[in-house]
Structures are given as C-alpha cells and as structure tokens.
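Q: I'm new to reading protein models. Can you walk me through a few features?

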Amino acid sequence: MQPLPAAPISCRRVGVRFPGGRDVLAGVDLDVPAGGVVSLVGPSGCGKTTLLRCVAGLQRPTTGTIEPRPESLPPGALAYVFQEPALLPWLDAVHNVMLPLDLIGRDAPAGRRAAAEHWLGEVGFGVDDRAKHPGQLSGGMKMRVSLARALVTEPAILLLDEPFAALDDLLRTRLTELLLDLHARHPRTMVLVTHNIGEAIIVGDEVCAIDRGRIGGRIAVDLPRPRPARVRGGAAFSRLYDAVCDMLAEAAR
Amino acid sequence: MSRPRPPLHRLVLEALPALAVAVAVVACWQWAVGHWKIPAYLLPSPAQVATALWEKRVVLGHAFWVTARAAVAGLAAAAVVGTALAILFSQSRLVRTALYPYVLFLQTVPIVAIAPLLITWSGYGQRTVILVSAIIALFPILSNMTAGLLALDPNHRDLFRIYRAGRRPTLVRLRLPTAMGHLALGLRISCGLAVIGAIVGEFFVGRGGDFPGLGAVMDRWLTMGKTDALMAAVLLSSLLGLAMFAAVNLLTDRLLGKYVQGTGD
C-alpha cells in the first residue's frame, strides 16, 4: 500500500458556537504545512480538542473554512488518535488495527492482516501479544495498538488528541520518542493537542497557544531533528520552554 | 475468552449456607405440620409433598417437559422479536418515538386480562402458551437491547465516523457487539418471566381441555384439593426457572462473554 502524500491544513476564521451561545472557538486561523507538525497547547476547555475535531470533520464549524474538507479526502487519508485508546474490547490487537482497513474496504483480508501486523511491529508491539484483547493489555500497549490503528491506512493527516495524557512519565517519554521516530520515517502532517509543554516542543515544528477559543500566540521550534529525550536537558529546550510558558501566560491575560 | 470458573470446592462452600437454610426450613415445616396437626389440604408436610412428587412423577415429568419447551420457545421468540424491534428502534428516532409508547403499553397490560383474548385468537394449545410466555419475556430484552444499541462509546462512534462507516457496518461491527452485554442482561431477566408466562398461559389453556403443562395440572389439582401434588408442581416450576437461568447464564457467558469484557481504558 502506497502512503498518501502529506497534505497541508488550512483553517480560516474558524468559529464554533455550542448550543446556549457559548463560543468555544472564535475566528481561529491555523496553517500546518504538508508534512509539518503543529502542537496546540492551552488550558482545559480552551477549544483545542474542538479545533482538532473540526479538522477531523467530527464537529461542524459555525463559521469559517477548513481545508482540506475531510469528505474531499480519500477514505483513510485522515486518522485520529483519541485520549483513550478506544479499542473495541471484543477484538484482539490485530483485528483492532485491521478495523479501519475493513471499514474503508481497502485490500483483501490477508493484505489487511499483513498491514496490521506490519504497523504493530512499527509501534513496537510484541508478536506474542497480538492475539490478546484490550482487557489483557497494559495502558502503554493499548496506546501502541491505538497508534498502529491510526497509521495502518497510511494517512496523509494524523490528528492526536492528548494521546499520552493518561500514561506515566516514563511511558509517555518512550511513546513520544516512538512518535518522533515514526514521523521521521513516515512524514505526515500532524496536529498534536497536549497539556504537556515539553511534549509540545519536542514533537512540534510550531507550538500554538489557544486560550478562550483564540490563538494566543505562536512559537517556531528551531530544535534540529532528530530530537532524542536528552534534548530536554539542553539550553535551547529550556529557552523554548520558558517562551511557551510566557506565551501561555500572555494569552491568558 | 470466557471468564475463569471458580474451583468446585469453592462453589460447594458458597452453596452451603443456602443449603443449610433449606434444610432448616424443611425441618421446621415438617415439625410444625405434625405438632399443630395441620390438615394436608391446607399445608401438606414436606414428606407428603415428596411422596406426591414420586407418585405423580410421570405426569409431573411430562408436564415439566411441556412447560420447559413452551418457556424456551417463548424466550427464543422474545429474543428474536425483541432484538429485531430494538434494531429498528436504534436506526430511527421517529420509529422509536412512534412505537415505544405502545411497547410500554403492552408491558402495563396485565397478562391475565389478555390471556383469554389470546385464547380466542390463537386457540387452546401450545401456541397460545408460547405467545403468553413471549409477551411477558419481551420487554426486558427489548428495553435492554435498545439501550445497548444506543449506548455507544463516543470515541468508538467518532472512530467509525472518521472512516465513514455507513449505517450497516456501524450496526454490525459496533452497535450489535456493544449491545451484547445488554442482551445478556435482558435474557437473564426474561428467562424467569418466560417460565411464569408459560405457566400463566397453561392455567388458561388448561381450562379448555386436558392440557399437560405444569400450569394446567396445578390448576386441576387446585380444584381437586390435591395440595401435596400442587406443591410438588410448584417446586418443579421453581426448579424450571432456576434451570433456565443457569442455562441462559452459561450460554451468554460462552457465546457473548467476549463482548461483555471491559476495555480497561
């Protein structure tokens, strides 16, 4: 299966008003170049996830435009990693990863299985655990399966909604490194929603602060890639970390 | 992926308190009947009930079999109709709001009031007994299954939307598997009701002739004042309900067990 070429994302004056008149997003402009990675950070309830859901086509914006429109993309060109692994408990790991291919009707069953096994291997999921059901897997293993499921269609756009938020620090660092490694080998346009400033910097080419439904600031991350975990100990990382903190504080005023 | 079974000795240990209560109740009952010289037509002793059970074993055995068949058929019919209606309800809010009040209405109508009507329409036979059993057993299956089909995990629903899964794949690959736990619960509630429905149906059907089910023989023995045989039939009815519950538990555990597991999210 040929990977789909990375696609740029362009949001123009995107607004979302929830029933009751609350503006969750108010005129957001966001550009993610093809193959680029933007991290969205901000306090809870600021509209990060709503923006991601709009890009995914799960939430219709009240105003503004988003390109590409999800329905204009081929099926499977866009993938979403949820905060919880969201695996189907009655399917084993392999069949959970095969699910998107089944739903979009791509490949013969043998090809789907081969693709699922390939991606489980790519995310470091053990061969012996492939027949296990979600109830038998640890949090980290479930998140690896969830990542493999998102990648199995070789999407052009990958949207990640606080994917590692529920994991402990060590596991979180490992999976962030895995995500960076996967991006280096299979570049695709990514948007990462996170509360973790360090994660936002390490993963992103740009960090955007969102506050009360607006983009409160942007900082380009000039750290060279690859970005191993030890980058976090460097002066450049510390400078960026402070800058993002200042940007978030400024946005909150 | 069925749940691991507890070892046999643990099951026996868990059953011991209930068995001890049963032995104590039977002993007190036997003593009370002898002590106060209660006439057998009012309250036969456990020994008299056991004797009646042995003497009427052929009639009771056949009656047990007839009622069991009717209850199983009623439960199966309720499961099929309840699941089909629940699927229909899950696919359209309009259908749900249009029909669900009538399902509730059916649930509130006393079955003893409509059983004579059912006999008028369906005759004095096994078919009417199954019909009464199915009507009583339908509601828990229908309401549980409808709730299960509509109770999707929001992330699962979004996942299927992202991959543009249509109505049918969403029903087959997500809604139905999600609802299996609810179906199992509905079946467990309904299996006892199916037995009650079959016996109620036989009460009425038995009045039209020599019907062999437990409900019909109970009604006959009641009018003949054979309280010991009547109580033996009551005992068998309870055993039938317990057996149905155990069978449904075993079947749902084996067949639906993997759908009832948690995600561990």
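Q: In what order do the strands of the open sheet in chain A sit?
A: Strands are DSSP runs of E with at least two residues, helices are runs of H or I with at least four, and both are numbered from the N terminus. Two strands pair if DSSP finds at least two bridges between them. In this predicted model, the open sheet has 6 strands in the order 5-6-7-3-8-9, with mixed pairing. Its edges are strand 5 (78–81) and strand 9 (214–220) of chain A, each pairing on one side only.

Q: How do strand 8 and strand 9 of chain A pair?
A: Strand 8 (residues 206–211) runs antiparallel to strand 9 in chain A, over 6 bridges. A:Asp211 has A:Arg214 of strand 9 as its bridge partner.

Q: Over in chain B, is B:Arg175 buried or exposed?
A: Buried means under 20% relative accessible area, exposed over 50%, and partly exposed in between (1.4 Å probe, protein chains only). B:Arg175, in helix 8 (residues 167–206) of chain B, is buried. A salt bridge needs a side-chain nitrogen of Lys or Arg within 4 Å of a carboxyl oxygen of Asp or Glu. B:Arg175 has none, and the nearest side chain of opposite charge (Lys and Arg count as positive, Asp and Glu as negative; His and chain ends are not counted), B:Asp158, is 11 Å away.

Q: How many residues of helix 9 of chain B are buried?
A: Helix 9 (residues 214–223) has 7 of its 10 residues buried, including B:Met218 and B:Trp221.

Technical notes. Residues numbered from 1 in each chain as written. Chains lettered and ligands numbered in written order. Predicted model: local features only at pLDDT ≥ 70, side-chain atom pairs only at ≥ 80, totals over all residues. Heavy atoms only, no water.
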